Amino acid sequence: MATEVKEESILIAERYPPGDQWVLLSDPGYVYPSLTEVLEGYFEEVGGLSCDFRLSPIKGKLYAIDSVVVEKTPPPPPPPPKKFNMYDDY
């Protein structure tokens with residue numbers, strides 16, 4: 001059976017102006033002074049699990065990408081062709 005990888009972007013941090021300051025959504029009381037430090041803070045929070053990230057610099061948002069392998073179900077078989085009995089032959 002064929003498989004497909006689905007990705008889900010989970011918002012984990014937002015930029016806190018001015019400059020390159022970031023706040024983790026799970027710990028809004030602490031402002032990280034750089035993007036590198038907020039990534040390190042997230043790694044410590046999730047226990048060092050490896051993951052991918054997506055940065056939206058215009059919106060000032062940082063996303064963790066959660067990948068899930070999903071099995072694709074095959075499409076249903078096409079319906080049989082219609083039979084017409086116009087002249088008593090099929």
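Which residues is Ala13 in contact with, leaving aside its neighbours within four places in sequence? In this predicted model, the contacts of Ala13 are Trp22, Val23, Leu24, Leu25, Val38, Gly60, Lys61 and Leu62.

Ala13 also belongs to the largest nonpolar core, which has 9 residues in all: Ile12, Ala13, Trp22, Leu24, Tyr32, Val38, Tyr42, Leu62 and Ala64. Two or more residues of this core come from each of strand S1 (3-16), strand S2 (21-24), helix H1 (35-46) and S4. In soluble globular proteins, nonpolar side chains tend to be buried together.

Strand S4 (residues 61-71) runs antiparallel to strand S3 (residues 52-56), and 5 bridges join the two. Ala64, a member of the core, stands opposite Phe53 in this pairing. The two strands form a hairpin with 4 residues between them, and Gly60 in the turn has a positive phi of about 70 degrees. Ser56 is found in strand S3 and counts as buried because its relative accessibility is 18%, under the 20% limit. Beyond its neighbours within four places in sequence, Ser56 is in contact with Lys61 and Tyr63.

The count of salt bridges comes to 2.

| Salt bridge | N to O distance | Relative accessibility |
|---|---|---|
| Arg54 and Glu7 | 3.4 Å | Arg54 36%, Glu7 52% |
| Glu14 and Lys61 | 2.8 Å | Glu14 31%, Lys61 22% |

The side chains of Arg54 and Glu7 meet in a salt bridge; this pair links strand S3 to strand S1 across 47 residues. Glu14 and Lys61 form a salt bridge as well, which links strand S1 to strand S4, with the partners 47 residues apart. Glu7 counts as exposed, whereas Arg54 is partly exposed.

How values were computed:
Residues are numbered from 1 along each chain as its sequence is written. This is a predicted model: local features need pLDDT of at least 70, side-chain atom pairs count only at pLDDT 80 or more; totals for chains, interfaces and linings use all residues. Side-chain values use heavy atoms; hydrogens and water are left out. Two strands pair if DSSP finds at least two bridges between them. Buried means under 20% relative accessible area, exposed over 50%, partly exposed in between (1.4 Å probe, protein chains only). Contact means heavy atoms within 4.5 Å. A nonpolar core is a set of buried Ala, Val, Leu, Ile, Met, Phe, Trp, Tyr and Cys residues joined through side-chain atoms within 4.5 Å. A salt bridge is a side-chain nitrogen of Lys or Arg within 4 Å of a carboxyl oxygen of Asp or Glu.
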